[in-house]
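Colleague: I want to go through the labels on this model. For each one, tell me the value and the rule behind it.

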Amino acid sequence: MKMRKDGGNRGPWNWRSRGGVHILKMTSRIRLLLVVLLVTLFGASILTYHFGLPVTNLESPDNDSTTKAGFPGMLEGEVFMCDRSQYRTDVCNMRGDIRMSNSTHFTLYAVDKSTPLGEEVIKPYTRKWETSCMDNVHDVVLHSVPSSLASNSVCDVQHSAPGVVFSTGGYTGNLYHEFHDGLIPLFITTQHLNREVVVVVSEFHEWWLTKYSEVIQEMSNYTVINFEEDQRLHCFPEVTVGLHIHGELSIDPTRMPDNKSILDFRDLLSRAYTPSPEELEPQGSEVPEGFTDVADASKVAGVSNMETTKQLTILVRNGTRVLLNLDKIVELASEAGFNVTLLSPDATTELKRVFWILDKSDVLMGVHGAALTHFLFMRPGSVFIQIIPLGTDWAAATYYGEPAVKLGLRYLPYKIKPAESSLSDKYNSTDPILTNPATIVDKGWWTMKEVYLEGQDVRPSLVQMRKLFEKAKKLLKKSSPLL
């Protein structure tokens with residue numbers, strides 16, 4: 001991808017004429033009078049103020065004043081403002097003559113005297129309530145100063161497209177967080193720009209770009225900028241620092257331009273991972289690392305001839321929350337008429353090959369954990385089976401079950417009973433760990449993690465698993481027009 005260096009201002013905000021400034025000032029005065037009147041009549045709780053500008057709560061779906069993209073609709077011309085009212089994220093907007101320096105600063109050189117001046121510091125990561133995480137996310141410093149302070153430095157890169165800044169620090173390295181905290185919010189924040197946006201990454205990791213390069217290319221026409229390391233002077237017409245985020249691995253269509261949803265994000269993944277003719281050529285009997293096709297290993301590499309029977313992919317965990325009777329489950333699935341693929345991805349597994357497998361699968365099954373984020377690769381109408389260990393009911397439903405339904409998957413949860421958990425080998429049958437997991441979960445995340453996430457394997461009932469596979473087959477018959 002080539003970095004565009006063509007200059008020019010973007011569309012309607014090019015108001016820099018004497019008449020335009022006069023009109024803007026008049027509009028600002030009228031708007032200020034209206035705000036004062038509203039606050040007087042209805043109370044200051046209506047709007048959150050920052051730098052004297054009204055800021056809508058872009059996270060609340062119940063807020064009628066929320067705009068569906070970019071900046072709050074009432075703002076025009078130069079912009080220097082931050083929305084800190086959201087629970088999950090802070091987002092700052094700048095518009096005008098903006099320069100990104102190699103000292104990790106953005107500076108707006110304000111022409112309009114009504115533009116607020118000052119400094120803002122923001123951590124552009126979508127978990128602002130979680131101090132332990134955000135302490136490890138770098139600050140991005142924003143300044144607004146009078147245009148008279150502008151230096152004579154020539155821009156090394158003059159961007160005509162706006163920039164969006166976010167961090168790949170935090171919990172990046174965990175698949176769930178890479179999608180939930182990063183890629184989906186990036187889609188939410190930028191999709192209305194139709195790829196005319198420059199992605200600027202704080203705490204940049206080369207491995208991250210390698211892993212997600214195809215996805216980023218579907219969101220941006222330009223080369224990704226390493227915020228801390230790029231020494232060039234970049235100039236932008238607009239910059240958004242921070243990302244908007246909705247729910248867990250989901251997108252709220254009522255808050256999106258054209259009512260786009262998680263299905264549109266899934267379509268983006270499909271475009272990003274569409275295989276080339278060379279990639280679709282059969283690979284012989286060699287199986288990509290992380291894959292095992294129980295029935296015919298050669299099918300995995302070539303991703304072909306997989307239409308004869310229903311395809312079941314089982315995500316195989318190693319270390320914790322292991323399926324102790326996996327071999328028996330595979331036998332049952334085969335007897336039920338499924339062609340079974342075992343998938344045990346790690347940090348080095350190529351995501352596009354995982355996508356090809358799951359895009360061709362009819363059923364995805366796995367024990368609760370970050371790898372279930374791969375449900376995003378499944379086609380709407382397919383079946384998603386989540387095996388839910390003791391003590392993980394809320395997390396399983398919130399992080400994967402409910403989002404899978406929003407994607408259009410047929411969701412089948414399987415809740416592990418005490419006798420099906422390896423914890424029954426460690427504790428007495430009357431121990432609250434087995435009989436009342438809620439009391440253990442209430443002790444906090446670290447206790448819950450130690451007991452139920454790191455200390456538990458599962459052995460689902462084969463009788464119940466047989467019934468589950470039959471139910472999955474019936475759902476597939478009902479949804480066959482979608483498939």
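Modeller: Start with burial: under 20% relative accessible area is buried, over 50% is exposed, and in between is partly exposed. Keep in mind that this is a predicted model.

Colleague: Why is tyrosine 399 called partly exposed?

Modeller: Its relative accessible area is 26%.

Colleague: Why is the pair of tyrosine 176 and tyrosine 399 called tilted?

Modeller: The centres are 5.5 Å apart and the planes make 55°. Rings pair within 6.5 Å; under 30 degrees is stacked, over 60 is edge-to-face, and the rest is tilted. The two tyrosines therefore form a tilted pair. This pair links distant parts of the chain, with tyrosine 176 in helix α3 and tyrosine 399 in helix α10, 223 residues apart.

Colleague: How many aromatic pairs does the whole structure hold?

Modeller: The search finds 19. In one of them, phenylalanine 106 and phenylalanine 236 have centres 6.4 Å apart and planes at 55°, so that pair is tilted. Phenylalanine 106 sits in strand β5 and phenylalanine 236 in strand β12, 130 residues apart.

Colleague: What makes β5 mostly covered?

Modeller: Five of its six residues are buried.

Colleague: How do you know that cysteine 155 and cysteine 235 form a disulfide?

Modeller: Their sulfur atoms are 1.8 Å apart. The limit is 2.5 Å, so the pair qualifies as a disulfide. The torsion about the S-S bond is about -85°, so the link is left-handed.

Colleague: Are its two ends buried or partly exposed?

Modeller: Cysteine 155 has a relative accessible area of 24%, so it is partly exposed. Cysteine 235 has 2%, so cysteine 235 is buried.

Colleague: How many disulfides are there in the whole structure?

Modeller: Two. Cysteine 82 and cysteine 92 form a disulfide with sulfur atoms 1.9 Å apart. That link has 105° about the S-S bond and is right-handed. Both cysteine 82 and cysteine 92 are buried. Counting bonded cysteines along the chain, the pattern is 1-2, 3-4.

Colleague: Which residues are closest to the centre of the largest pocket?

Modeller: Arg127, His177, Tyr399, Trp445 and Leu453, out of 33 lining residues. The pocket has a volume of about 1,100 Å³. Its lining has 14 nonpolar, 10 polar and nine charged residues.

Colleague: What is the volume of the second largest pocket?

Modeller: About 470 Å³. The lining of this second pocket has 10 nonpolar, seven polar and four charged residues.

Conventions. Residues numbered from 1 in each chain as written. Predicted model: local features only at pLDDT ≥ 70, side-chain atom pairs only at ≥ 80, totals over all residues. Heavy atoms only, no water. Phe/Tyr/Trp six-rings, centres within 6.5 Å; stacked < 30°, edge-to-face > 60°. Helix = DSSP H or I, 4+ residues; strand = E, 2+ residues; numbered from the N terminus. Buried < 20%, exposed > 50% of the residue type's maximum accessible area, 1.4 Å probe, protein only. 1 Å grid on protein atoms, 1.4 Å probe; cavity = no way out; pocket = protein on both sides within 12 Å on 5 of 7 lines; lining within 4 Å. Points joined across faces, edges and corners; volume = space filled by probe spheres on them. Nonpolar A, V, L, I, M, F, W, Y, C, P; charged D, E, K, R; others polar.
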